Amino acid sequence: MAKQRVLVVGGGLAGLSVTMKLAELGIAVDCLSLVPVKRSHSVCAQGGINAVNDLTRQQGDNEGKHFDDTVYGGDFLQHQPPVKEMTLWAPKIIDLLDRIGVPFNRTPEGWRDQRRFGGTLFKRTAFAGATTGQQLLYSLDEQARRWGAEGLVDFYEGWDYLGPVLDDEGRCRGAIAQNLVTMEIRSFKADAVVVATGGCGLLYGRSTMSMACNGSAASRSVQAGAYYANGEFIQVHPTAIPGADKLRLMSESARGEGGRVWVPRKPQDPRDPKNIPEAERYYFLEERYPKYGNLVPRDIATREIFSVCVNEGLSVQSDQQCVYLDLTHISREELDRKLGGILHIYEKFQGVDPREVPMKIFPAVHYSMGGLWADYVKSADGGLDVANPRNHQTNIPGLYAIGECDYQYHGANRLGANSLLSCIFTGLFVAPGIQKLLGSLKTSTNDEKYDSLHKAALAKKQAEHDALLKQSGDGGENPYLIHQELGFEMTKAATVVRQNDQIRAAIQKVNELCERAQRCSLSDTGAWTNQNVVFTKALRDMFPLAKALLHGALARDECRGAHYKPDFDMPGVEATDPAERRRLAEKWCDAFEEKNRRWLKTTVAKFDAAGEPSLSFEDVDTSLIPPRPRLYGLVGAEVIEEAWKDRQKKPAPSAKPQPALAAAH
Amino acid sequence: MADSSATPALPFLVRHEFLIRRLHSLSGLIPVGAFMCVHLLVNSSVLNSPETFQNNVYGIHALGKLLPIVEWVFIFIPLLFHMAVGIMIAAGGMPNTQAYPYGANIRYTLQRATGIIAAVFIMYHVFHMHGWFHFDGWLSMAESVGGHKFRPYNASSTAGAALQNPVILVLYAIGIIASVFHLANGLWTMGITWGVWTRPAAQKNALVVCSAFGVLLGIVGLSALAGMYNVGKGEAYQAAIEAENRMYEARVEAGSVQPNEHKRIEERGTRSEE
Amino acid sequence: MIAPSKDHVSTYAEAPKPEAFDVRILRQDAPGESPKWERFRIPYEPNLNIISVLMKIAAMGKNAQGKPAPPVAWDSNCLEEVCGSCTMVINGRVRQACSALVDRLLEDRPTEIELRPMSKFPVLRDLVVDRGRMFRALERVKAWVPVDDYLDRGPGPREAQAKQETRYPLSECMTCGCCVEACPQYTKVELTREPGETDSQFEARRKQAFDTAFLGPAAISQAILFNDHATGQMQADERMEALTGPGGIQVCGNAQNCVAVCPKSIPLTTSIARAGRQATVYAIKKIFDR
């Protein structure tokens, strides 16, 4: 038997974690990435990484609470065993990162410093300046490079994954990829392929994601038969700096330090914002949420900013949706001391000093909670069965999905500083399972008998590429303009506030765009570093995911986490009479239970040959923490909570039995 | 790594690049830079009087037959080494002050430019005054093409006379300024190279100190040049020769100097200006 | 996007802006081909950066003369100046395209912006260059912490705040190449494949050429970063061997452009001077302490 190999697609936190762990286990790895791995999108993460630590433990924290915060934050849509396992590993992962040299901020005594993040009461987040993601990625990059120098890892940077190679039994035997410089298409023989290619923000045209986050690898996997889960769950960050090329994150701390959000009462008031008198300014968050003011939870801030601009037409600019985030009432010295770093980012990219002129901000697509469907095996104690080859395997044997491009950890909404953790955890965790898989295989894909399989797969991709290159000349469609239109439709229908009629219209429009994209004509038909053809391929592959996302959003008639449909919102209890309040609260709890019965399910999209999705729904394993309502900011939350607690105390006669494992497992 | 065993051995200069560069850096200070300081200071003693300078020269020439050995081992060879390596370094760089007109970058380019100017100047200067070698045939040849003008036992007068040509005088001024800049700036970069001043603040302070040193040494050098020039002209020249001759005769009489006509102005005791 | 509202522009702009501006790009079809200038005309909008200009050029598909022009090839990813991809020479100075704002560039030269690929690396196409030598340099200086394994062995070494504050800025280096582009001592290494040479033979020859060429400020600074780490320091001698080997620290000519152009303001010259100090000690030890 020839030597077995593993192909890792993607060189961000997840891809590099699995690469270095596999190398440590003595397994030869090919690591393939669109960009040099050190330039992966993981560098953009700013905040930090969550884990229970010695300090928080003494304040009553433990892994169970981290687990609970994550599941509650995700509105219970995650299978719980993987999340539990992740939170158990978290402290050990931080220790490992510490050992490999991440420059975590330090206390005066030299311990790792921690900060508090949204969605928890504990200072659980370790951080390295304002560039934690960059620091973590670099430390993994260094380790992976070390294995490269020792000859166990081969890097293929600047390669575009075109899809998996499946044998007659449907097992993944490697992948086809294309070199972005030479345009060479070749096959990579592998006994397991790990897809770790991150999110799909480019479906929305512009987002906080990087140019490589086009979802093409996930799309090419689903077109080969993999399933896609919870696509409709997309996290939108409330404050980003709109740019012609990208929406750049503006940290929540700007509001935390006293930033005020407002729009002129007169729509598109042309005056300099500083000349608009107080009375003519609409501080809509402060007026609508007197208690929380500008520090309402993320999802509410997002919705209100969106609504003020889109539904009420009060955007500051007519050509671009945005509101003012105003810090100009705070002294320069104070701003420089507390917010220097982030104000510098605004200044750098906008060329305007936010200490003098109010910043212009708007919500932006930030993270995909959904992704490739991946399996897991539950252990006796409710965590994961360590080193089981089924963990993180997609429905295609031998094809794995980890990191942001799998769907398992964040449910309906991701908690801040949990994404870095899930990426590194899944990378480290999946490696021993893959090792076991390789041990169980009787052959290596590098054996001669697989040559013809790879040759045929390669020929098919080469033919597709050649055909696309021939599509040139006038009258055809322009891929860049189609991408802009796709982004516009997706942003309009499937971000913050979702309405079924809008989603239906968007589906129709996206179908049209999809057809037009087949008729793209290329302005570059060269056979060398042809970015035009690479972009066009990626664009075409955006449609299956876009469709799955829209169909999922249309089907899911409820509000859950980042998925908000006003038509299916459950209003709070506004009555004042105690008995009436209680009655309404009971009714609310009934509706909540009904909603969970109906919708506490994973959306699973399967695709036909044309990339059309069809949906099915799969039960969620909530066996460890029973679902409970998220009442933050809701009117009458106290009485609902009381009613819900009473209900939980009674032995529930009609309580549905929780399946120990979801049906598909 | 596996492939390193198969690669052919690297050329000597590449293999020992670090050592060569560090020796180049060191030689710039000791002995070359240090010698230059002494040289300029000794020469500037002419400002006091030609006799003072002549005394200093006698001090140096007290080494007698050992002098050529000392010259070559401690001055010429290190100097030639410093020049040769310096020219290689300058040839390997690609100055880009137009695109990046920052102070340190301009000094980087000037360091290379002044190095080349200083190298050309010093090659000429040693030939012009000293003649490089002490063989008679060579020296008379050198003399016939304008070299070997300096006579140690008529120190100020011969040096001064050799500087009367305005072209040569200007050349000397440029050469001195270039050499002094090269030394002062080289001192600053040397501090970085050897790791004496590492932080920006330290480097800035060091730059002030090195600049002050350069200005002072420049004043000393140019004053010495002016002093020599003045001694070589008109009545001062005659007076200097007379004083030098007196000193020579007194020393020969006292036995502290062996008679040596090679180190004196020949025959007439006067030289026509060039 | 709909056309920008002009009244809004006038709020912040100091000078009247042009209706449109020219972008002159030095294009090259492939390695070894001769470069040619091509001019594009872009309608002015406020708040553009060079990336959005290049996106517009790709979508337009034609040059200033109205002739069809294939999209300009360029590298980019994060567009936030943390990934290091989009380095190019803009108006004669190396910088990241994402943070190069058109409004600022037009203040320097009111009607035209000039884009060139970096000159110290082989051009692959247009503005795309091969920075493989920089990553190879990181291998040369062993820019990593040599841990035993990735098992659970508790936390890493405790570290003083001051130490972390020294290491953190060095660790922000994104291998973008600005420092080496501006460095007058860093010269281009470009090899072309010889007839009959296999991939691995060519790769070996390339590595050898890289390994005797100057490391550059970025890699020197990374060596210092890892010499500063309590565990990384255990491999310090190996890093010093690379730093004092061919193409090592000695090639630095102290022009200090690196620190002036570094988009992350990394104290590269401090690292270089510290590397010099460590090299002094190491060399003396090596000569006398055998």
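Reply: We begin with burial: a residue is buried under 20% relative accessible area, exposed over 50% and partly exposed in between, computed with a 1.4 Å probe on protein chains only. In this model B:Arg151 counts as buried, at 2% relative accessibility. B:Glu143, with a relative accessible area of 24%, is partly exposed. The model is a predicted one, in which local features need pLDDT of at least 70 and side-chain atom pairs count only at pLDDT 80 or more, while totals for chains, interfaces and linings use all residues. Residues are numbered from 1 along each chain as its sequence is written, chains are lettered from A and ligands numbered from 1 in the order in which they are written, and side-chain values use heavy atoms, with hydrogens and water left out.

Me: Which residue forms a salt bridge with B:Glu143?

Reply: A salt bridge is a side-chain nitrogen of Lys or Arg within 4 Å of a carboxyl oxygen of Asp or Glu. B:Glu143 forms one with B:Arg151, and the closest N and O atoms are 3.1 Å apart. Salt bridges may also share partners: A:Arg582, A:Glu586, A:Asp590, A:Glu593, A:Glu642, A:Asp646, A:Arg647 and A:Lys649 are joined in this way into one network. Over all chains, the structure holds 89 salt bridges.

Me: Are A:Asp167 and A:Arg173, which form another salt bridge, buried or exposed?

Reply: A:Asp167 is buried at 12% relative accessibility, and A:Arg173 is buried at 6%. The closest N and O atoms of this pair are 3.0 Å apart.

Me: Which parts of chain A does the pair A:Arg288 and A:Glu304 tie together?

Reply: Here secondary structure must be defined: helices (H or I, at least four residues) and strands (E, at least two) are DSSP runs, numbered from the N terminus. The side chains of A:Arg288 and A:Glu304 meet in a salt bridge of 2.5 Å, N to O. A:Arg288 lies in helix H8 (residues 284-288) of chain A and A:Glu304 in helix H9 (residues 298-310) of chain A, so the pair ties together parts that are 16 residues apart in sequence. A:Arg288 is partly exposed, at 28% relative accessibility, whereas A:Glu304 is buried, at 13%.

Me: How many residues of chain A are in contact with chain C, and what area is buried between the two chains?

Reply: Contact means heavy atoms within 4.5 Å. By that rule, 77 residues of chain A are in contact with 77 residues of chain C. Buried area is the accessible area (1.4 Å probe) that two parts lose on being put together, summed over both. Between chain A and chain C it is about 6,600 Å², with 52% given by carbon and sulfur atoms. A:Arg39, A:Arg99 and A:Arg145 supply 13% of the area that chain A buries against chain C, more than any other three residues.

Me: What polar features does the rule find across this interface?

Reply: A polar contact is a pair of N or O atoms within 3.5 Å; within protein, one must be able to donate a hydrogen and the other to accept it, and residues adjacent in sequence count only if both atoms are side-chain atoms. There are 40 residue pairs in polar contact across the interface of chain A and chain C, both residues being at pLDDT 80 or more. H5(A) gives the largest share of the side of chain A that touches chain C, with nine residues. The same interface has six salt bridges. C:Arg158 and A:Glu109 form a salt bridge, their closest N and O atoms being 3.7 Å apart.

Me: Where is C:Arg167 placed, and which residues does it touch?

Reply: C:Arg167 is in helix H5 (residues 161-171) of chain C. Leaving aside residues up to four places away in sequence, C:Arg167 touches A:Gly101, A:Val102, A:Pro103, C:Glu159, C:Leu225, C:Asp228 and C:His229. A polar atom of the C:Arg167 side chain lies 3.0 Å from the backbone oxygen of A:Gly101. C:Arg167 is buried, with a relative accessible area of 2%.
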